[in-house]
Amino acid sequence: MIPEFGHFALIVALCLAVLLASVPLWGAWRRNTGAMALAPGLAMGLLVFSGISFACLAVAFLQDDFSVEVVANNSNSLLPAIYKFSAVWGNHEGSLLLWILILAVWTAAVATFSRQLPLLVLSRVLAVMGFVAVGFLSFSLLTSNPFARLIPGTPADGQDLNPLLQDPGLIIHPPLLYMGYVGFSVAFAFAIAALLGGRLDASWARWSRPWTNIAWAFLTLGIMLGSWWAYYELGWGGWWFWDPVENASFMPWLAGTALIHSLAVTEKRGLFKSWTVLLAIFAFSLSLLGTFLVRSGVLTSVHAFATDPARGLFILVFLAIVVGGSLTLYALRAPAVNSRVSFAWLSRETLLLVNNVVFLVATLTVLFGTLFPLLMDALGQGKYSVGPPYFNAVFVPLMALLVPFMGLGPVSRWKRDSAQRWKAELLLPAIAALACGLTLPLLHGEYNLWVALALVLAGWLLLGLGRDVWLRLRAAPTLARGLRRTPASYWGMVVAHLGFAACVVGVVATSQYSIERDLKMEAGQAETLAGYRFEFVELANFRGPNFRADEARFVVTRDGEEIARLAPQKRRYLASNQIMTEAAIDAGLFRDLFIAMGEPVGQGGAWAIRLHYKPMVRWMWLGAILMAVGGFITVVDKRYRRQRAASTASAGEVARGAQA
Amino acid sequence: MAPRLKLFLPLILFAVLALFLFRGLSLDPRAMPSALIDKPFPVFSLPALESGETLDRSLLLGKVSLVNIWATWCISCRVEHPYLNQLTEAGIHIVGVNYKDDDESAKRWLADLGNPYSINIVDAAGNLGLDLGVYGAPETYFVDAEGVIRYRHVGVIDERVWRSKLAAIYAEIGGELPPSLAGAGS
């Protein structure tokens, strides 16, 4: 009964979404306040019924109801309860339901926290989100029903969740990623509402900015977790592969990064208006495109869900309606005339323009590389694959080009700045960054130019930010007052930029300084790597809830002092007979020690063992976390609360306008 | 160009992209250019990974072989590797083509994960891959005892694909199928 109940709730949710997409929009057109005022209630209803539907599927998983097809295919009675729960989104149908639930969460959040917006704007925004929900709900119901039953033919036990997905990182990775993906629908909805209303002023940028920042922060966390998962779960210490599915999540992030910077210009200076709208459409379109690529089977990838051309066609048609429709609207309604506001070449506007150009080029580069095999195939030019060398060759120089401008950004002024002032403020940080960056790698023995370059760039960011913070606080009469006067959005920017600097250092240091060695080892042997002594103490058998494993127990010492006990495993999962490598890692701020088991060698109990020494690898993920934290901090800025009072006032104007 | 027309540019670009995506739906990225099916395996002369001796297509004559394209940079290859080990243990003849890779990493990989290949052809420049029309690793070619390509599988070979599809193909082209690897239908 419960699955049928969930199915029914999903149908109710679809009906509510259809109403949400139509009634408030009609109300906005006819200036019918009653119809517009229905939007928040419908948004809440959508959340309630998607929530019920999701809960029903979760119950089916937790109760091992193998008469439900997705449960039978993706779960097993031996699976630990937490993985039974995360298995809900470890498959196409369930993850789509999660997508829908998260869209409903965002829609309800907009309905709740934006009550002070003019009703006209709010109803349009919610209607656009309702329209997106209609698309995904009908996609789920028509092509990918998560509640399909296997009656008759209910199996005695399920086929188990793919062991790669039986991992704590994968419990929260998809929800965070979807919070980001789907969150861009809010910026998109605000942009479309602004185009519909024909009033493309700074206010829509102010309204959508906090939402966009939160979505971007979630997406950052989601991508970071995916990279971290790949690092410890796939068992050979890699952390980014430029796989089509990774790219599908990375492209909206790149476009979103451009968007959050462009929104700043639009809000503060009323510039780049059409451009920002276009970026908002672009970021969400890339989220949809990612969904298409992952679920349609047009590209091959290890991450891809089981694919089906009918599903692909459905998403493509939906993509054409949403993206084609919004770009048509954009072409017809966006202001074609350049703004009268102007800015000088040396100004913060120019620097943010550089940011936008770099991130747009980066997005298009990744898009092109991802779609290249498809394009060549469609043109009859044969089959191609695009690998990491292409992406690295284009991406690394782009980011290196970005950082010098990024260091100037915070110190620079709007409208007009002068080279003299930049020189006066930043000459010292520049020299210090050069000096530190070039000398620090000397401490590590062999000199590495790439690391030196990364340190110079990171130092430049760090010291430039430090200088700016100091200038700001010095200008205030007292330190306390200076701190109080500095808005949260500024601190958010500082933290996010610091995160980026940490990321640069982490990526370069770990790529350049990592040491790995593959050895044949048996119990009792020891090996030394980068000053750490790895002793293989014993080989043991381990029995997990749904797997058996060989476990190699290691003690790691340095100068006779014990650092860690590590126990990598080679697991065989009972239901699927799949073999998995479970690496053991001793994590540290400055280095990770990583042991993975290969295959047994010979009959004497010896194993191929891989030892890694990975310096600074955590900096990459800590950097990403800092970026996300920065994104979250900007949202508590007081001015978004002040804006509510202001928008209540403008709502009054609209009401008066409607009466007149 | 009139300013308003310029704003149509994103729409036009998207329309072109959507056309390609639509075309992509009817293409199978795993499909083989039909030209090579039932044609002899391309002529090549490349070194062996293990010994360095020069190999050519005579290697594939006399028994049914799977020719597996793999590389250490390929994530999916790592996924399918344990199953290839099982296939070899059960007596299937697998020839490896180490595609666009470097020899040291490849040897380390085999030492680590086990070596399912009777021999490995080093295709560092990717020329053999080009002749075969390789889309991306992993790919596996089913070659019969006369050295003729009879089937191409793109993507990971695991127990599910093997039993549902590949086992039957292997038997059909004359391969001896051990009972432990029989397909679901047979």
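**Chain architecture and a helix pair in the predicted model**

Among the contacts of chain A between residues at least 6 apart in sequence, 74% join residues at least 24 apart, two residues being in contact if their C-beta atoms, placed from the backbone, lie within 7 Å. The model is predicted, so that local features need pLDDT of at least 70 and side-chain atom pairs count only at pLDDT 80 or more, whereas totals for chains, interfaces and linings use all residues. Residues are numbered from 1 along each chain as its sequence is written, and chains are lettered from A and ligands numbered from 1 in the order in which they are written.

Chain A holds 19 helices and 10 strands (DSSP runs of H or I with at least four residues, and of E with at least two, numbered from the N terminus). Of its 660 residues, 51% are buried, that is, have 20 or more other C-beta atoms within 10 Å of their own, with C-beta atoms placed from the backbone. The C-alpha trace of chain A spans about 90 × 75 × 55 Å along its principal axes.

Within chain A, helix α9 (residues 244-269) packs against helix α12 (residues 348-378) at an angle of about 160°, their axes lying 9 Å apart (lines fitted to C-alpha atoms over the stretch in contact, with angles from 0 to 180 degrees between N-to-C directions). The pair α9(A) and α12(A) is therefore roughly antiparallel, a term for angles over 145 degrees.

In chain B, 6 helices and 7 strands are present, and buried residues account for 40% of its 186 residues.

Conventions: Angles under 35 degrees count as roughly parallel, over 145 as roughly antiparallel, 65 to 115 as roughly perpendicular and the rest as oblique. A residue is buried if 20 or more other C-beta atoms lie within 10 Å of its own, exposed if 12 or fewer, and partly exposed in between; C-beta atoms are placed from the backbone.
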